[in-house]
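Here are a few friendly notes to read beside the structure. Please keep the view open as you go through the points.

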Amino acid sequence: FFGDIINIIRYDFLGLEKIRLYLWLDPQNQLMTTMLWCFLFGVIHLFVGVAVKGYMEWREGDKFGAICDVLSIYLAVGGALPICAGMIIEVPVMIKTVGKYCALVGVVLIVLTAGRSAKSIGGKLGSGLYALYNVISGYLSDILSYSRLLALGLVTGIIGNVINMMGALPGNKVAKACLLTVVFIFGHAVNFGINVIGAYVHTSRLQYVEFFSRFYEGGGKPFTPL
């Protein structure tokens, strides 16, 4: 809450020990763990979008396409997750092995079924390989994009801590209280305002660009005034 103001008051003014302020994770000291959780939230978000696409295809009568399109993505991306996470944290070998085989099955499904609308065998294979490239590049960039959640939380908290540190610089408690009051009100008001805008912009991007692109199809009437 407003950076570490609770500990500033406890330590600088009341002479008490500092206490743990975070409920779950401390982004400053558990940076990579927090980032992995942000990626996991992103994968869940994207997988929901893929499920919506599958539902739309199923509703339109393309049941085979719905199963293939959803299952292949879940296997390919979901299987690659333990392998990628193993580069940052310790992942059991068994889980990585299962993930590897799931990813291989997903890749084969994508190559064999993504180009099913093409007429020739070469066209089907080419379309499947192109779809595989799009899945690898698209999902990699989309999942990495969820690191902005980490950046928002980390920067907000650190700016709050810096504001409090600036206000608590004087050694005299009276001067410290006066300066901290002014710096606290002005600094946190600016920090709050900036991050209200940031939270709106970045989460809207994740919703409209990453999530909606999984299933949304544009429509409407073309603008032809003449």
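1. Start with the lining of the largest pocket: H6 gives the largest share of it, 8 residues. Helices here are DSSP runs of H or I with at least four residues, numbered from the N terminus. Helix H1 (5-13), helix H2 (31-59), H6 and H7 each supply at least two residues of this lining.

2. A word on the source: this is a predicted model, where local features need pLDDT of at least 70 and side-chain atom pairs count only at pLDDT 80 or more, while totals for chains, interfaces and linings use all residues. Residues are numbered from 1 along each chain as its sequence is written, and side-chain values use heavy atoms, with hydrogens and water left out.

3. How big is the largest pocket in volume? The volume is about 1,100 Å³. The largest pocket is lined by 34 residues, and those closest to its centre are Tyr22, Leu25, Pro27, Gly153 and Gly157. (A pocket is an open set of points on a 1 Å grid where a 1.4 Å probe fits, with protein on both sides within 12 Å along at least five of seven lines; lining residues have an atom within 4 Å of a point.) By class, the lining has 18 nonpolar, 12 polar and 4 charged residues. (Ala, Val, Leu, Ile, Met, Phe, Trp, Tyr, Cys and Pro count as nonpolar, Asp, Glu, Lys and Arg as charged, and the others, Gly among them, as polar.)

4. Now look at the second largest pocket, which holds about 710 Å³ of space. Of its 25 lining residues, Val77, Ala80, Leu81, Cys84 and Ile143 are the closest to the centre. H2, helix H3 (63-85), helix H4 (93-113) and helix H5 (121-145) are the elements that give two or more residues to this lining. H5 has the largest share, with 7 residues. The lining divides into 23 nonpolar, 1 polar and 1 charged.

5. Helix H6 (residues 147-167) packs with helix H7 (residues 173-211) at an angle of about 170°, their axes 8 Å apart. H6 and H7 are therefore roughly antiparallel to each other (an angle over 145 degrees). Their contact has 11 nonpolar, 10 polar and 3 charged residues.

6. Is Asn191 buried or exposed? This residue of helix H7 is buried, with a relative accessible area of 7% (buried means under 20%, exposed over 50%, with a 1.4 Å probe and protein chains only). A polar atom of the Asn191 side chain lies 3.3 Å from the backbone oxygen of Thr156.

Terms used:
Axes are lines fitted to C-alpha atoms, for helices over the stretch in contact, and angles run from 0 to 180 degrees between N-to-C directions. Angles under 35 degrees count as roughly parallel, over 145 as roughly antiparallel, 65 to 115 as roughly perpendicular and the rest as oblique. Grid points are joined across faces, edges and corners, and a volume is the space filled by probe spheres set on the points. A polar contact is a pair of N or O atoms within 3.5 Å; within protein, one must be able to donate a hydrogen and the other to accept it, and residues adjacent in sequence count only if both atoms are side-chain atoms.
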